[in-house]
Every structure is written in C-alpha cells, then in structure tokens.
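User: I would like to learn how to read side-chain features in a structural model, one kind of feature at a time. Could we go through it together?

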Amino acid sequence: MQGFVFHNPTKIVFGNGSSSQLSAHVTALGRKALLVYGQNSIKRSGLYDKIVSQLQEAGIAFVEHGGVKSNPSLTHAREGIAKARAEKVDFVIAVGGGSVIDEAKSIAAGTVAKDDVWRFYLGETKIEKALPLVTVLTLPATGSEMNGNAVITNDETNDKLGLASPYFYPQVSILDPLLTVTVPQRYTAASAVDIVSHLTESYFTNDGGWTPLQEYYVEGMVKTVMAAASRILQNPEDIEARSTLMWSATLGWNGLNVAGVGAFSMPCHALEHPISALYDIAHGAGLAIVTPAWLTAKAEEKAPKIARFAREIFAVQEENDRQAALAGIASLKNWYREIGAPLSFAEAGIAEPDIEELTRLTVKGAAIRKTPGLPEDFVRGVFLACM
C-alpha cells in the first residue's frame with residue numbers, strides 16, 4: 001500500500017424521507033440560491049413542489065436553472081453561470097442525478113471565476129474557489145454527491161472532459177432512497193454498470209503493490225451492486241435494494257477504494273466519454289459497450305488481475321490465468337445482458353458509429369487528462385471490437 005491523503009468534507013444525510021430535511025441544511029449558506037435540475041421528472045414526481053415549499057418556508061429566494069441534459073453541456077452550464085452572476089446567488093442547490101450535480105459544480109466554480117469555466121477542464125487554469133453546493137440525489141450512479149469530480153461536454157467541439165477539484169465537493173448531500181423507486185430499468189442498469197466501472201478501473205490499473213484491503217473492498221462492493229441490481233430488476237419497489245444501490249454508488253467513487261493504491265487510470269471512462277458526447281446515450285450504457293472490449297484487449301497483459309476478478313466475482317474455476325480472464329469477461333458480459341445493458345454500438349442504437357472521430361476524441365481527451373495506455377491504434381481497435 002502506498003501513502004495517501006484522504007479528505008472528504010461532504011456531509012451525507014441518508015434515509016427514507018430525508019429529502020424533507022433540505023431547509024435545515026441550507027439556511028446557513030445564504031438567502032438566495034440557484035436551483036439546478038434536469039428536464040421534467042422532478043416536477044412529475046412532485047419533488048419540485050416539495051423542494052420549493054421548503055425553500056419558501058425557510059425564507060430562501062431561488063432562481064431556477066432547469067433543463068440539464070443527461071450529458072450536461074458547456075453551453076447550458078455557461079447559461080447557469082451567467083444567471084447566477086446576474087442574480088447574485090449565495091449558493092447552488094442541485095436536485096437530480098450525476099449530470100445535474102456535475103453541471104451544478106461547474107456553475108458553482110464558474111460563477112466566482114475570472115476565467116471561462118472550460119479553461120478549468122482543459123487544465124489551463126485552476127479553480128480557486130466556488131459557491132457552496134447542496135445536492136438532493138435522485139439517480140445514484142456517478143458518486144458526484146460525495147466527490148470532487150465533474151464531467152462536462154463542450155457541445156461545440158464534442159469534447160467531453162472530466163475534472164477533479166477540492167472545491168467541487170458538495171457541502172451537504174441528501175440521499176433519499178424513496179426518490180429512486182421510479183427510476184426506469186434502463187437507467188438502473190446503466191447506473192449499476194457505472195458504479196462497477198468506478199470500482200474496477202483502479203482495481204485493474206493501479207500500481208500500489210500488495211493491496212488486499214482495497215481488492216476485497218472493490219470485490220465486495222461489486223458483489224453488492226450486482227445483488228442490489230438483481231433485486232431491483234425483479235421488484236422496482238424494493239426499497240432495501242434501492243437504498244443499498246444508492247449508498248453503493250456513493251461509496252464506489254468517494255475516494256475510499258483508491259486510497260493507498262498509488263497511481264491508477266480510468267481508460268474505460270476515457271473511451272466512453274466521446275460515445276456519449278457524440279451520440280447522447282447514458283454514460284453507463286457506453287461503459288457496458290467499451291469495458292469488455294478493453295478487458296479483452298488487455299487479457300494477456302493483465303491476466304492475473306482479471307483472472308482474480310473472474311474467480312472472486314463469478315466463481316470461475318479455470319486455473320490458467322488467461323483462460324480464467326477470458327471466462328470472467330464473458331461472465332461480465334452475461335451480467336450486462338441480464339440487467340439490460342447494451343453490449344455493442346448496434347444494441348445502443350448507434351447504427352453507424354464514426355470510429356475515426358471516436359478515436360480522435362479519445363486520444364485528444366487522454367492527452368488533456370493525461371490518461372496513459374490509449375495510443376491511437378489501440379483505441380481504434382477497441383472501438384472496432386464494439387461493433
């Protein structure tokens with residue numbers, strides 16, 4: 001295990017009905033908020049009215065910024081920044097899934113910045129401060145509710161980039177499992193895939209040496225996500241399973257699983273970002289497409305680790321590491337299939353993917369974010385394997 005610094009300042013308020021406690025956690029942050037949300041789901045569910053009622057009772061004025069897409073756009077984030085500046089808001093409230101929270105983070109930082117927010121994502125300048133952020137999570141997947149990460153898509157260039165900053169951590173995140181009961185099956189499947197990817201990419205790529213604590217943590221978490229997803233797909237109103245999946249998403253990407261593993265990378269995320277940027281599919285759906293292809297391409301190089309994953313997660317009995325690795329990849333694909341995640345571009349509704357543009361965007365993004373192991377020919381080969 002290698003040395004590390006772990007600091008996670010986000011306060012979590014978890015439990016059935018906890019979304020009714022919002023006002024108790026925002027009154028100290030100011031008197032005016034920017035309320036960021038997605039399309040119309042929070043209005044259809046009645047959550048919007050509950051949030052507004054709490055803010056009004058607490059005497060907090062708010063400005064609305066709805067319409068966040070499932071792959072949040074730079075243009076919309078800039079509109080939110082302009083609105084927040086013009087209205088002189090004191091803090092930001094994000095009500096939604098990871099996409100809403102990610103855009104809210106960009107707005108929180110961009111509102112008080114001298115530079116355009118996109119320069120942060122390009123690595124040309126650093127975030128020095130941000131408005132306080134409070135989140136009410138409705139779709140567990142990205143872990144954005146308890147981490148310092150965010151992703152945004154430049155809708156002019158199709159570059160989808162991630163960014164980490166200590167100023168991106170929400171001050172308070174409210175996790176109410178009851179809000180997730182109506183999440184459709186396809187989004188539940190995509191969420192489960194995303195959580196597993198957050199856990200396993202560092203597992204497959206780290207150079208931390210002997211890290212049994214982190215390995216068992218990841219393996220146990222993956223089994224938990226699979227068990228919870230299975231129960232939800234059998235009974236969407238299984239609140240115990242919904243609660244477990246929600247907390248798993250948070251624990252899957254809040255820094256615990258990578259503490260002590262040393263350097264690691266997120267190659268499957270780097271490969272997926274151009275797919276959802278170009279074709280606007282769910283991030284988890286894109287990960288289901290590229291992850292088996294990446295693992296297959298690495299089956300020789302990373303045979304021992306992939307074989308361990310296969311044996312621990314899928315009870316593969318094959319003694320030869322490479323054969324066990326391939327069997328594990330096949331088992332992972334079977335699980336994707338069982339929960340309804342796509343396994344190819346065609347299954348995701350992408351009839352004619354632009355392989356060259358996907359390759360170009362991946363290589364460009366990998367250079368900006370310094371993601372190793374993604375040379376052009378390798379990337380092209382992975383995408384071709386996803387046909």
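User: Which side chain meets Lys305 in a salt bridge?

Analyst: The general idea is that side chains of opposite charge can pair when their charged atoms come close. This is a predicted model, and in it the side chain of Lys305 meets that of Glu215 in a salt bridge, with 3.2 Å from N to O. Because Lys305 lies in helix α12 (residues 303-314) and Glu215 in helix α8 (residues 212-234), the pair ties together parts that are 90 residues apart in sequence.

User: Are Lys305 and Glu215 buried or exposed?

Analyst: Lys305 counts as buried, at 18% relative accessibility, and Glu215 counts as buried as well, at 11%. The cut-off matters for reading the value of Lys305, since buried means under 20% relative accessible area.

User: Which residues are joined with Lys305 and Glu215 into one network?

Analyst: Salt bridges that share partners join Glu215 and Lys305 with Glu219 and Arg308 into one network. Arg308 also has a place in another kind of feature, for it lies over the face of Tyr216, at 5.0 Å from the ring centre.

User: How many salt bridges does a search of the whole structure find, and which residue pairs with Arg360?

Analyst: The search of the whole structure finds 17 salt bridges. In one of them the side chain of Arg360 meets that of Glu357, at 2.8 Å from N to O, and here the sequence separation reads quite plainly: being three residues apart in helix α14 (residues 355-369), Arg360 and Glu357 are separated by about one helical turn. Arg360 is partly exposed, with a relative accessible area of 40%. Another salt bridge is formed by Asp115 with Arg119, whose closest N and O atoms are 3.0 Å apart; Asp115 counts as partly exposed at 28% relative accessibility, and Arg119 is likewise partly exposed, at 32%.

User: Turning to aromatic rings, how many aromatic pairs does the structure hold, and what should I look at in each?

Analyst: There are 10 aromatic pairs in the structure, and the two values to read are the distance between ring centres and the angle between the planes, because planes under 30 degrees apart count as stacked and those over 60 as edge-to-face. Tyr37 and Tyr48, at 5.8 Å centre to centre and with 65° between the planes, form a pair that is edge-to-face. This pair links distant parts of the chain, with Tyr37 in strand β2 (residues 32-37) and Tyr48 in helix α3 (residues 47-57), 11 residues apart. Tyr37 counts as buried at 5% relative accessibility, and Tyr48 counts as buried at 13%.

User: What are the values for the rings of Trp118 and Tyr121?

Analyst: Their centres are 5.9 Å apart and their planes are at 20°, so the pair of Trp118 and Tyr121 is stacked. Both residues lie in helix α6 (residues 118-121), three residues apart, which is about one turn of the helix, and both Trp118 and Tyr121 are buried. Ring pairs can also be followed from one residue to the next, as where they link Tyr203, Phe204, Phe309 and Phe314 into a cluster.

User: Which residues make the nonpolar surface patch of about 510 Å²?

Analyst: That nonpolar surface patch is made by Met1, Phe4, Phe6, Leu213 and Leu256. Within it, Phe4 lies in the segment before β1 (11-14) and is partly exposed, with a relative accessible area of 46%.

Notes:
Residues numbered from 1 in each chain as written. Predicted model: local features only at pLDDT ≥ 70, side-chain atom pairs only at ≥ 80, totals over all residues. Heavy atoms only, no water. Phe/Tyr/Trp six-rings, centres within 6.5 Å; stacked < 30°, edge-to-face > 60°. Helix = DSSP H or I, 4+ residues; strand = E, 2+ residues; numbered from the N terminus. Buried < 20%, exposed > 50% of the residue type's maximum accessible area, 1.4 Å probe, protein only. Lys NZ or Arg CZ within 6 Å of the ring centre and 35° of its normal. Patch = residues over 30% accessible without salt bridge, like charges linked within 9 Å, V, L, I, M, F, W, Y side chains within 5 Å. Areas by Shrake-Rupley, 256 points an atom, 1.4 Å probe, with all protein chains shown as cover. Salt bridge = Lys/Arg side-chain N within 4 Å of Asp/Glu carboxyl O.
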